[in-house]
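Me: Hi! Could you walk through this model with me? I have a handful of quick questions.

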Amino acid sequence: MNYYEDEMEMVMQGLWPDPPASDDEYDDDDCDDDEYDDQDDFLYCKQDAPEPEPTDPSMMPAGYDVIDQEPVPDFSFCSSEIEDEKEEYKTQLGQVLTQLAEPIHTKFDIADLMPQGIAGIIEASSKRTNSDPIATTMALASVTASLLGSRVRVSTGIHDSAPLSANINVWLAGDSSTGKSKITKKLIKPLSGVNAREHKRIEKEIKRIKQDGSLDAEQKKAEIEKLKSNRNDVLAELLDFSEQGFAKLVSKQAPLAGVHLHQDEGGDLMGCERYSGNGKRSTDNKAQSGLFRKMIMQNMTEPLSGSGAKVDDDRSVTFRQQVITLTANIQLHFVPDLIDLDEDAWGWGSRHILVQVKQMSNELPKAPKDLDPLTRYMNERLIPFCQSINPPTLRECDSAGMPVNYIVVDFNEHDGAQAEYEDFVHQTDMEIKAKEEHSVESAYVSYMKKASVRLGKFALIIHTHAQLQGANATPCEFEYEFDDRQPAFSNANQRMNQSISLATVRKAINLEMEMRKQRLEVADLCRAAPAKREAALIDGLEQTRMESVLQKVKEQGPITTKRLKALLNRKLKMTRPMIGDILSTLIERGCISATKQGRTELLDWIKGIR
């Protein structure tokens, strides 16, 4: 009987030894740890492992009938199936890519987006604080719109639409320490100054009314109420933001006034809906009919008007052509919670402009003691100019039969501004139709559908800064307090009445294209954010595993590699090969020492991971 016959006989008689049930049945000195196969559930010494059974019929034991055995299956077809799956996956990836909007490649200087004078101020301010100039430009655009209110509107001349006010909603999106707050503080601080001066003016007027002997108590009460209901606060400084409180504040502003709402931590802006009771929540837990959202949705194309917004148990507010502008700083991972970047079925996302705030460099900017150039421009030029606009009530009425008591600015038809605007809007409409036919990102298509509105607003904002260039200010006794009798810029109405030029429309088109690019970039970053968080979780788990291995060596050391693997196997879902890789990493970093003692290797703790 040859070797193979002996082997078969032992198996048939049940004499062949069973493999060890666990690591504990194995002696550390029997063989070196490197001779173990970590992929098996049982550990075998390589020199004792059985040879594979022979397949040659001449070497088989007597009576072994090859014909009765099952034929070896042919798995050659698997290769073709795998290739088919690969091709199918490639096709799927191709379909996904064709449904994404094409990237927009723009590289504009600030002078391509704003008039030369203010462009230089923006660049100087951004360089001074090492902040993003594009984000600074859009924050300034929003603040400018709030100062204009609805006293100045632009007539686009298409779609039979009513004149548009300049109000826009701008979200500065970026990771921590990218300078979002640094940008907005330059612009919000001057608005706070407007509020402080307005409060001082109202207090002064109330004191005068109370001391007026020609008025009785009822008349004084009516005068004070009228004064408090026609404010020019500009900035909504609310410590506790609520829908009803904000609506009441807006209604108390003067007719045609602008109210600027700024949130330094914009991630919880819609938190007001949790307590208001106004919003009907959908299956995705988003309130689609809250009071605040209704105000923003309506305000995109027309000022707030009408009454019926209930703010307390027995009172409702009445709006008088006021408008709301918004700036909010937000971290990227909060954006999808507030703005639908995939579908935007009801148009909330299309009413907001997303700007990625980029870290310009790692250098720490110096902090000069003099006032920031942009803040000085706001205080000395922009705020007094906008407050000097006091349009007279005209005899003509709008489509609702209301008197036109605001300035209407047109596009210049003689230099081609109106034609340039219409051509761009027509081109955008054609792009929208093509994208809808190919099911390209519906949320982005929804955003493009508001291009004609945004472009008109951008043109009006740029026009304001263009008309401010070269304007001479008249000395004002009360600094920059709003006073009809003594305006800071006596020619503000005349300047704003000028038609919007072709150069301004082209800058507005550049700004619109830049904002489309920013929108796509923010959407891509937000889609990648969950993957980044998942990667961070994985990294955290790997660090926990390393610390667990290191701690076990510290507790048990000196310890053999095999013994350590037996103690840690399946803990934190670690396999033996994973433990081996972790040990190699820890040895390379000098956290663990590995010393050979004969055929075994002893591990010992040296230092922690950090």
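Me: Is Arg 376 buried, partly exposed or exposed?
Reply: Arg 376 is partly exposed, because its relative accessibility is 30%. Keep in mind that this is a predicted model.

Me: Which residue does Arg 376 form a salt bridge with?
Reply: Glu 380 is the partner, and the closest N and O atoms are 4.0 Å apart. Both sit in helix α11, four residues apart, so about one helical turn separates them. Glu 380 is partly exposed too, with a relative accessible area of 42%.

Me: How many salt bridges does the structure hold?
Reply: There are 16. One of them joins the side chains of Arg 516 and Glu 431, at 3.9 Å from N to O.

Me: Arg 516: buried or exposed?
Reply: Buried, because Arg 516 has a relative accessibility of 1%. Glu 431 is partly exposed, at 27%.

Me: And which residue does Glu 514 meet in a salt bridge?
Reply: Lys 517, with 3.6 Å from N to O. Both lie in α16, three residues apart, which is about one turn of the helix. Glu 514 counts as buried at 3% relative accessibility, and Lys 517 counts as buried at 12%. There is also a network of salt bridges with shared partners, made up of Glu 431, Arg 454, Glu 512 and Arg 516.

Me: Switching to the nonpolar side. Which residues have the most contacts inside the largest nonpolar core?
Reply: Met 138, Ile 353, Val 355 and Met 515, in a core of 79 residues. Helix α4 (residues 133-148) gives the most to this core, namely ten residues.

Me: What is Met 515 in contact with, leaving aside neighbours within four places in sequence?
Reply: Met 515 is in contact with Ile 134, Met 138, Ile 353, Leu 354, Val 355, Tyr 447 and Phe 458. Apart from this core lies another of 34 residues, with Met 270, Met 297, Ile 324 and Leu 341 among them.

Me: How many residues of β2 are buried?
Reply: Five of the five residues in β2 (residues 169-173) are buried, so the strand is mostly covered. Asn 169, Trp 171 and Ala 173 point one way, while Val 170 and Leu 172 point the other way.

Me: Which strands does β2 run parallel to?
Reply: β2 pairs in the parallel sense with β6 (residues 316-330) over five bridges, and four bridges join β2 to β7 (residues 353-356), also parallel. Take Ala 173: its bridge partner in β6 is Ile 330, and in β7 Ala 173 stands opposite Gln 356.

Me: What about helix α7, how many of its residues are buried?
Reply: Seven of the nine residues in α7 (residues 243-251) are buried, so the helix is largely enclosed by the rest of the structure. The buried ones include Phe 246, Leu 249 and Val 250, and also Glu 243 and Gln 244.

Me: Cysteines next. How many disulfides are there?
Reply: Zero, from a search of the whole structure. Cys 386 is buried at 0% relative accessibility, and Cys 526 is buried at 5%. Cys 397 is partly exposed, at 46%.

Me: Where is Cys 397?
Reply: Cys 397 is in the loop between α11 (373-387) and β8 (407-410). Not counting residues up to four places away in sequence, Cys 397 touches Met 402, Pro 403 and Val 404.

Me: Last topic: what is the strand order in the open sheet of three strands?
Reply: The order is β9-β11-β10, with antiparallel pairing. β9 (559-560) and β10 (592-597) are the edge strands, each pairing on one side only. β9 pairs with β11 (residues 600-605) over two bridges, and Ile 559 has Leu 603 as its bridge partner in β11. Helix α18 (residues 576-588) lies across β10 and β11, at about 105° to β10.

Me: And Pro 558, where is that found?
Reply: Pro 558 is in the loop between α16 (502-556) and β9. Pro 558 counts as exposed, at 52% relative accessibility. Leaving aside neighbours within four places in sequence, Pro 558 is in contact with Leu 602, Leu 603 and Asp 604.

Conventions. Residues numbered from 1 in each chain as written. Predicted model: local features only at pLDDT ≥ 70, side-chain atom pairs only at ≥ 80, totals over all residues. Heavy atoms only, no water. Buried < 20%, exposed > 50% of the residue type's maximum accessible area, 1.4 Å probe, protein only. Core = buried A, V, L, I, M, F, W, Y, C linked by side-chain atoms within 4.5 Å. Contact = heavy atoms within 4.5 Å. Pairing = 2+ DSSP bridges. Axes fitted to C-alpha atoms, helices over the stretch in contact; angles between N-to-C directions. Disulfide = S-S within 2.5 Å.
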